Amino acid sequence: MLEIILKLVAVAAAFAVLPLIVGQVEHKAMAHMQGRLGPMYAGGFHGWAQLIADGVKFAQKEDVIPRAADRRVFKLAPAVALVPYLLVLLVIPVGPDGQVALDLGIGVFFALAVMGVGVIGAIMAGWASANKYSLLGGMRVAAQLMSYELPMVFAASSVAMAAGTLSLGGIVEEWRWWWLPWQAVGAVVFFVAGLAELRRPPFDMPIADSEIIFGPYTEYGGLRFALFILAEYAGIVVLCALTTVLFLGGWKGPFLDAELGWLWTLLKVFALSFVVIWLRVSYPRLREDQLQKLAWVWLVPLSLAQLALTGVLRVALA
């Protein structure tokens, strides 16, 4: 019982701290890459208090609910968007020998299914806000979910087929360095599809501020809006952790896997998180037709080709 409690506390601490670290890094990276001076001044040295300033700002804002909104769904949506990422962290292994809160035999499908639930929070927010721009943003979220969930599942299935197990810990145990070129296409497809599901730039058409104000979050303010932002950063951590476990060997590093496995996992997660931020700073937003074309014309065929290649090699090597 004590071990279970300690694991749950560790997962809750990671869920509370890691997204905030990613958010702080994004502030600083964007400030350097785009010459944004504001985030470099709060608190003095290198703008260390920017995240605290944002939290105080959100806490001070008034919580307003539109008169015509579905109040129950409107209030529930931020929690639906945030909590699924906490559940996914329960099944992600950070090291060998049971360093995971819950080792599920179907960990891959559990993680992907629960991540899909998080998207429903944005759809609920758009539907319940009684605002045509919010509703349009919610429908765009639904369209992206349907488009990018398929290649994401195919890419993850390729790794599961290669490892011969659906357990995330089992996949890491079976992973070998030569999987990097073998599963490279699947890794890129999985990562790009995950970014699209998180509505991160350049896949942020559902919250295109130049067209639909802020999409499904238009009517939200204060702490409810902050929960949606926190869900985005938590989603980045979860996506990067899953990519690390499935395609980059998880806790396996150049040396001391057993002793420093958790450190290798965190280093890979933060490296991928920086790539997410880099893509946001570097690329303009895709149009809706470009976004759908990328999914159906490129990612779905590539993920199917990766799945077929894995199946052929598995039979040949058996």
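**Salt bridges and a helix pair**

Modeller: In this predicted model, E3 is exposed, because its relative accessible area is 54%.

Biologist: Is K7 buried, partly exposed or exposed?

Modeller: The relative accessible area of K7 is 25%. Buried means under 20% and exposed means over 50%. The value therefore places K7 in the class partly exposed.

Biologist: How many residues apart in sequence are the parts that R285 and D204 tie together?

Modeller: The side chains of R285 and D204 meet in a salt bridge, at 3.0 Å from N to O. R285 belongs to the loop between α11 (257-282) and α12 (288-317), whereas D204 belongs to the loop between α8 (184-197) and α9 (209-212), so the parts that the pair ties together are apart in sequence by 81 residues.

Biologist: Is D204 buried or exposed?

Modeller: R285 is partly exposed, with a relative accessible area of 31%. For D204 the relative accessible area is 8%.

Biologist: What is the N to O distance in the salt bridge of D289 and R287?

Modeller: D289 is partly exposed, at a relative accessible area of 44%, and R287 is partly exposed at 47%. Their side chains meet in a salt bridge, with an N to O distance of 2.9 Å.

Biologist: Which residues are linked in a network of salt bridges?

Modeller: Side chains of opposite charge can pair when their charged atoms come close. The count of salt bridges comes to 7. The residues linked in a network are E26, R200, E232 and R280.

Biologist: Are α4 and α5 roughly parallel or roughly antiparallel?

Modeller: The axes of helix α4 (residues 107-128) and helix α5 (residues 132-163) come within 8 Å and cross at roughly 170°. Angles over 145 degrees fall in one class, and α4 is therefore, relative to α5, roughly antiparallel.

Biologist: How many charged residues does the contact of α4 with α5 have?

Modeller: On the α4 side the contact includes F109, L112 and W127, and on the α5 side it includes L145, E149 and M152. By class there are 15 nonpolar and 5 polar residues, and the number of charged residues is 1.

Technical notes: Residues are numbered from 1 along each chain as its sequence is written. This is a predicted model: local features need pLDDT of at least 70, side-chain atom pairs count only at pLDDT 80 or more; totals for chains, interfaces and linings use all residues. Side-chain values use heavy atoms; hydrogens and water are left out. Axes are lines fitted to C-alpha atoms, for helices over the stretch in contact, and angles run from 0 to 180 degrees between N-to-C directions. Helices (H or I, at least four residues) and strands (E, at least two) are DSSP runs, numbered from the N terminus. Angles under 35 degrees count as roughly parallel, over 145 as roughly antiparallel, 65 to 115 as roughly perpendicular and the rest as oblique. Contact means heavy atoms within 4.5 Å. Ala, Val, Leu, Ile, Met, Phe, Trp, Tyr, Cys and Pro count as nonpolar, Asp, Glu, Lys and Arg as charged, and the others, Gly among them, as polar. A salt bridge is a side-chain nitrogen of Lys or Arg within 4 Å of a carboxyl oxygen of Asp or Glu. Buried means under 20% relative accessible area, exposed over 50%, partly exposed in between (1.4 Å probe, protein chains only).
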